[in-house]
Amino acid sequence: PSADVADLARGHTDLEIGATGPERPEIAAETVGTDHMVAVFRAGHPLAADGLIAERLAAAGHVTVSRRGRLHGPVDAALAERGLTRRVLASLPTSAAALDLVAQTDLVTTVAERVCRPALTRLGLLARPFPFPVPPVPVILTWHHRNDTDPAHTWIRTQTRQALTTILNPDGPGPQDGLRGKFR
C-alpha cells in the first residue's frame, strides 16, 4: 500500500509488504530488494501469439493493482513517452485479485514478476517483459514502531525478510537461519 497505514497504526496488521514507503513517522520501513514489472495475460490471449509490442499492449484492456483505486502508474508514463495511452478498465486492490481476473478474461495486468511467480504459475498465466523500459519496483516491509523490539515481531520480520530475499534473489544464498531441514 502507498499511504494505507491505518491497519498498522491500529495494530490490526503486524507487517505489510508493498512498493511504497510510509509517509507517517510512526511506521517503520525496510526495503528488502527490487523486482521487475511484467505484463501478464492468459494463455491464448491475442498478445501471446503476436508478440508484445507497445501499440498492441496499449490497445488491450488493462486492470491496475491499487488499494486506492489509482488507474495510472509507471507503465502509463513509459507509454506516454511513446505517444501512447492504455485502456484501463478496472482497478483492483491486490495482485492476486488482478491475476484471478486476468486468468478469466482478455484483460492485461502489470505485476512484480518474482513476487507473483507462484500465482502466475498456478493460474497458467504468461508474463512478458515490457517492450520498453519500466523502472524496477521496490519491495518494502512496513510495520509500526511499537513492534521494533517485540521478540515475536522481530522473528516474523526476519522470516519474511529471508523469504523475500530468496524470492528476489533466486540464484543467491538461501536463508541463513539455521532452521533449514528441521521442520517437515
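How many nonpolar, polar and charged residues make up the lining of the largest pocket, by class? The lining has 21 nonpolar, 11 polar and 5 charged residues. In this classification Ala, Val, Leu, Ile, Met, Phe, Trp, Tyr, Cys and Pro count as nonpolar, Asp, Glu, Lys and Arg as charged, and the others, Gly among them, as polar.

The structure is a predicted model, in which local features need pLDDT of at least 70 and side-chain atom pairs count only at pLDDT 80 or more, while totals for chains, interfaces and linings use all residues. Residues are numbered from 1 along each chain as its sequence is written, and side-chain values use heavy atoms, with hydrogens and water left out.

## Overall composition

The protein has 7 helices and 8 strands; these are DSSP runs numbered from the N terminus, with helices being H or I of at least four residues and strands being E of at least two. Of the 184 residues in the protein, 35% are buried. Here buried means under 20% relative accessible area, exposed means over 50%, and partly exposed lies in between (1.4 Å probe, protein chains only). Among contacts between residues at least 6 apart in sequence, 73% join residues at least 24 apart, where a contact means heavy atoms within 4.5 Å.

## The largest pocket

A pocket is defined on a 1 Å grid over the protein atoms alone, as an open set of points where a 1.4 Å probe fits, with protein on both sides within 12 Å along at least five of seven lines; lining residues have an atom within 4 Å of a point. The largest pocket has a volume of about 1,100 Å³, a volume being the space filled by probe spheres set on the points, which are joined across faces, edges and corners. Its lining comprises 37 residues, and G18, A19, V65, S95 and V137 are those nearest the centre.

At least two lining residues come from each of β1 (16-18), β4 (61-65), α4 (74-80), β6 (108-112), α6 (113-123) and β8 (137-144). The largest share, 4 residues, is supplied by β6.

## Strand residues

T109 is located in β6 and is buried, at 0% relative accessibility. A polar atom of the T109 side chain lies 2.8 Å from the backbone oxygen of V63; a polar contact is a pair of N or O atoms within 3.5 Å, in which, within protein, one must be able to donate a hydrogen and the other to accept it, and residues adjacent in sequence count only if both atoms are side-chain atoms. Neighbours within four places in sequence aside, T109 is in contact with V38, A39, V40, V63, V65, A98, L99 and V102.

H144 belongs to β8 and is buried, with a relative accessible area of 12%. Its side chain reaches the backbone nitrogen of R146 at 3.0 Å. Beyond neighbours within four places in sequence, H144 is in contact with L8, A9, E26 and I27.

A28 is placed in β2 and is buried, at 5% relative accessible area. Not counting residues up to four places away in sequence, A28 touches P22, L141, T142, W143, H145 and D148. E16, in β1, is also buried, at 8% relative accessibility.

## Helix residues and C-alpha separations

Helix α7 (residues 151-168) has 18 residues and spans 25 Å from its first C-alpha to its last, close to the 26 Å expected at 1.5 Å a residue; the expected span is 1.5 Å times one less than the number of residues. Its buried residues are H153, R157, T160, Q162, L164 and L168, and these pack against β1, β2 (27-35), α6 and β8. At the start of α7, a side-chain oxygen of D150 comes to within 3.1 Å of the backbone nitrogen of A152.

P46 is found in α2 (residues 46-50) and is partly exposed, with a relative accessible area of 37%. Leaving out residues up to four places away in sequence, P46 touches R56 and D106. R117, in α6, is partly exposed at 32% relative accessibility.
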